[in-house]
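Hello,

Here is the structure we talked about handing over. Please look through it first; my notes follow below.

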Amino acid sequence: MSGSHFDHQHPEAAAGADGAVASSPMYAAPAGAKLAVAVALITVTMLLPPSQSRWLIVVAGILLFAMVFSLVSPWFVAKRLLMLAPFMLCVVLGAALQPGSALDWRIVAAKSSLCLVTVILLANTTPFGAILRVLEKMGVPALLITTMALMNRYLFVLADEMVRMRRARTSRTFVRSRGFTWTVLATVAARLFERAAERADRIYAAMCARGWR
Amino acid sequence: MPRVVDSDTMHIPDGFIDTKTALTAGALAAVGTGFALRQVRRELPPRRVPLLGLAAAFLFAAQMINFPIAGGTSGHLIGGALVAVLLGPAAGVVVLASVLIVQCLLFADGGVLALGANIFNMGIVATFTGYGVARLVGLVMPGLRGRVAGMAFAGWCSAVVASVGCAAQLAWSGTVAWEVALPAMVGVHMLIGIGEGLISALVLLAVLRTRPDLVLADGPEGKGESLRGIVAYGLLAALGLALFVAPFACPWPDGLESVASKLGFEHRETAHLLAAPAPNYLVPGITSRGLATAVAGAIGAVVAFGLALILSRFLVRGAARGEAADPI
């Protein structure tokens, strides 16, 4: 496999609009090292016994250090964390309102957020294609890698296509009822699947023309 | 940019399951995915290989569709059953595994060490359950109506069975007590499953009407091989679920009870969660909570199957009328 389709980058990532800053020192670091450090950090965080929880501060320090060097804005990380953690926040809130032994839950919440921050930083300093290449070297089957590479390439294309189709549908629809809403949602999803399948045929033709397999 | 990050009750984050659960689920997920990859390589023509990647991107986009559920909450498609029926169970496992890995590494949705558990629940259990149920209903009820009813019921079953796996993993890790996790997770997913089944059936019907060639034929073609595959998956999924659920099937000593009372928080949470679907699993005359949940689950399944039948009747009669009006 040539791997040329690995090098796709999402426009917003390349522009550094939100999280990723392509000129940062962390962005330039090799993907394999970053992935290994991230997995090691998560494993250490998870395995830390509750009695040793003060070491979590060290993990947090490492992450803070990494955040400074990746030039990812702390607001971006905080926003992502809030978006991802409603389940965790409920747990923390429940523990805070509960009198008595709330300590354990604070540790679980801290560990969980540290792991989330680790992945958020990894994802925003490493192009996904580079991660895929590392995974391929580690022996992940080629079919799975191809599937993920194509998914990464077309994820925002299809997501945008769906937004456009829904907007078009809304602008042409004058009836509003609950049952009809469901039908419209499903029809849009079905059309999206058909368009994805047609696109897959074109991609296959293009891949063959470029000497795939 | 469309909203791409979404959190729900089924993606387990890091820190909520312990090492033994993560390793066991990871091993099961690796075996299942490896088996699916082998089967796809053997059976799928090369022409269809890009379709797997596009189907994964499609599923990712389709998961952004939120549907309203009772009580002001909303759920979104898991998609295991739908993709398994559209493309076949092995391709479904590969697609779901790709979606979950990308969601985990690119969007931090679902934990890295919990990836195995998430792939097992939503990739293998949901996909296999969905395909198996759809196939069984199709055998009993041939024709378009059977396919639609089967898809609706399969969507519901896949969500519920996957949530049982999720609850068992949380309980096995000692995070949440089984008596609390099972009714809460299953109760919520019995509601979410209705949306899952309805939207899956509507999507399948829409695809069958316009591009039936895209849907995996459910005729005799390639039956022998895929049947063997289904049996193997069934064994793997059942073995894994049994492994996770077995410790709780027998009356459990007070170990987990004490954990639950020590943690304390979940009583509050479940009291809240129990409020909505309570009539479903407080079946009078049954004392054990686990048994009550099982009975309620069975009643729920019958109700869901009834709803699926009514839905298919309603939808397919409409289709027949439409076709009669159509010159073709």
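Asn121(B) sits in helix 5 of chain B, residues 115-140. Helices (H or I, at least four residues) and strands (E, at least two) are DSSP runs, numbered from the N terminus.

Before you go on: this is a predicted model, in which local features need pLDDT of at least 70 and side-chain atom pairs count only at pLDDT 80 or more, while totals for chains, interfaces and linings use all residues. Residues are numbered from 1 along each chain as its sequence is written, chains are lettered from A and ligands numbered from 1 in the order in which they are written, and side-chain values use heavy atoms, with hydrogens and water left out.

Is Asn121(B) buried or exposed? Asn121(B) is buried, because its relative accessible area is 0%. Buried means under 20% relative accessible area, exposed over 50%, and partly exposed in between (1.4 Å probe, protein chains only). The side chain of Asn121(B) makes a polar contact of 2.9 Å with that of Gln169(B). A polar contact is a pair of N or O atoms within 3.5 Å; within protein, one must be able to donate a hydrogen and the other to accept it, and residues adjacent in sequence count only if both atoms are side-chain atoms. Leaving aside residues up to four places away in sequence, Asn121(B) touches several residues, among them Ile12(B), Ala162(B) and Cys166(B). Contact means heavy atoms within 4.5 Å.

**Val59 in chain A**

Val59(A) belongs to helix 4 of chain A, residues 56-70. Val59(A) counts as buried because its relative accessibility is 5%. Beyond residues up to four places away in sequence, Val59(A) touches Leu41(A), Thr45(A) and Leu114(A).

**Where the chains meet**

In chain B, 65 residues are in contact with 69 residues of chain A. The area buried between the two chains is about 6,500 Å², and carbon and sulfur atoms give 79% of that. Buried area is the accessible area (1.4 Å probe) that two parts lose on being put together, summed over both. In chain B, Leu54(B), Leu105(B) and Leu106(B) lose the most area to chain A, together 10% of what that side buries.

There are two salt bridges between chain B and chain A. One salt bridge joins the side chains of Arg47(B) and Asp201(A) at 3.9 Å, N to O. The rule asks for a side-chain nitrogen of Lys or Arg within 4 Å of a carboxyl oxygen of Asp or Glu. Four residue pairs are in polar contact across the interface, both at pLDDT 80 or more.

Best wishes
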